[in-house]
Amino acid sequence: MHVQKFTDAELWDAIKNNELKAFNILFDRYWSAIYKTAYNYNKDPEVCTEITHDIFLNIWNKRQSLEIHAIKAYLISSARYHVYKRERRVRAIDLKYVGNYIGVQENTTQNTAEEHFNYNELKTKINSYLEELPHRSKEIFLLSREEHLSNEEIADRLCISKRTVENQITNALKHLRISLKHFGIVMILFKL
């Protein structure tokens, strides 16, 4: 019997009965559609491939408990949901670590390996953007955010006015906000 002659409902019934061949047919039939849907929302091919495989793995692992009446609609919705969930998680991680890096207190105490990797990647990006700043602006920003000196302490140490310190920190934060905008990170307005 030709593969295309199986309806989605027949394939789903067979999958629920642990038939791997039916699952492979479903995979071949819808892999591309799921990938394209994910790619419409996230242009990273590696991420989209991972999401697509995760969806199929989830279907196989939960085949006994899932109630699916329209497979194609379920798969397309799953692709959109997985992209949204991933983006939300990445933004939360980015905001947490960017906030920590530039002075916002962290509320959680446990980090996963993926969060640690994302943090290191983000910190590397931030450091590269800081390198684009003039030397004095970078120095003032780091004294504020890494050594936790007040604006007055920085002014005293560098023999400059407190207003100059405030301006330099404002300029550094503005530069970081603009530079990190394409990462989907919404920077919080920080007190100077």
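Predicted model: local features only at pLDDT ≥ 70, side-chain atom pairs only at ≥ 80, totals over all residues.
Q: Where do I start? How many helices and strands does the protein chain have?
A: Start with the elements. The protein chain has 8 helices and 0 strands. From the N terminus on, the order is α-α-α-α-α-α-α-α.

Q: How much of the protein chain counts as buried?
A: Burial is read from relative accessible area, and under 20% counts as buried. Here 37% of the 192 residues fall in that class.

Q: What share of the contacts joins residues 24 or more positions apart?
A: Take the contacts in the protein chain with a separation of 6 or more. Of these, 58% are between residues 24 or more positions apart.

Q: Now the rings. What describes a pair of aromatic rings?
A: Two values do: the distance of the centres and the angle of the planes. A search of the whole structure gives 5 aromatic pairs. Take Phe23 and Phe56. Their ring centres lie 6.0 Å apart and their planes stand at 85°, so this pair is edge-to-face. The cut-off for that label is over 60 degrees.

Q: Which helices does the Phe23 and Phe56 pair link?
A: Phe23 belongs to helix H2 (residues 20-41), and Phe56 to helix H3 (residues 45-61). They are 33 residues apart, so the pair links distant parts of the chain.

Q: Are Phe23 and Phe56 buried or exposed?
A: Both Phe23 and Phe56 are buried.

Q: Why is the pair of Tyr35 and Tyr39 stacked?
A: Look at the angle. Under 30 degrees counts as stacked. The planes of Tyr35 and Tyr39 are at 15°, with the ring centres 6.0 Å apart, so the pair is stacked. Both residues are in helix H2, 4 residues apart, which is about one helical turn.

Q: How do Tyr35 and Tyr39 count: buried, partly exposed or exposed?
A: Tyr35 has a relative accessible area of 18%, so it is buried. Tyr39 is at 31% and counts as partly exposed.

Q: Which residues form one aromatic cluster?
A: Phe23, Phe27, Phe56 and Trp60 do. The charged end of Arg63 sits over the Trp60 ring, 3.8 Å from its centre.

Q: Which residues is Thr52 in contact with?
A: Set aside the neighbours within four places in sequence. Thr52 then contacts Trp31, Ile34 and Tyr35. Thr52 itself lies in helix H3. At 0% relative accessibility, Thr52 counts as buried.

Q: On to helix packing. At what angle do H7 and H8 pack?
A: Read the angle together with the distance between axes. Helix H7 (residues 151-158) packs against helix H8 (residues 162-180) at about 110°, and the axes are 8 Å apart. H7 and H8 are therefore roughly perpendicular to each other. The crossing is right-handed.

Q: Which residues meet where H7 packs on H8?
A: From H7 come Asn151, Glu152, Ile154 and Ala155. They meet Lys162, Val165, Glu166 and Ile169 of H8.

Q: At what angle do H6 and H7 cross?
A: The angle between helix H6 (residues 135-145) and H7 is roughly 135°, and their axes come within 10 Å. H6 and H7 are therefore oblique to each other. Their crossing is right-handed. On the H6 side, the contact uses Arg136, Glu139, Ile140, Leu143 and Ser144. On the H7 side, Ile154, Arg157 and Leu158 take part.

How values were computed. Residues numbered from 1 in each chain as written. Heavy atoms only, no water. Phe/Tyr/Trp six-rings, centres within 6.5 Å; stacked < 30°, edge-to-face > 60°. Helix = DSSP H or I, 4+ residues; strand = E, 2+ residues; numbered from the N terminus. Buried < 20%, exposed > 50% of the residue type's maximum accessible area, 1.4 Å probe, protein only. Lys NZ or Arg CZ within 6 Å of the ring centre and 35° of its normal. Axes fitted to C-alpha atoms, helices over the stretch in contact; angles between N-to-C directions. Parallel < 35°, antiparallel > 145°, perpendicular 65-115°, else oblique. Left-handed = near helix turned anticlockwise from the far one by under 90°. Contact = heavy atoms within 4.5 Å.
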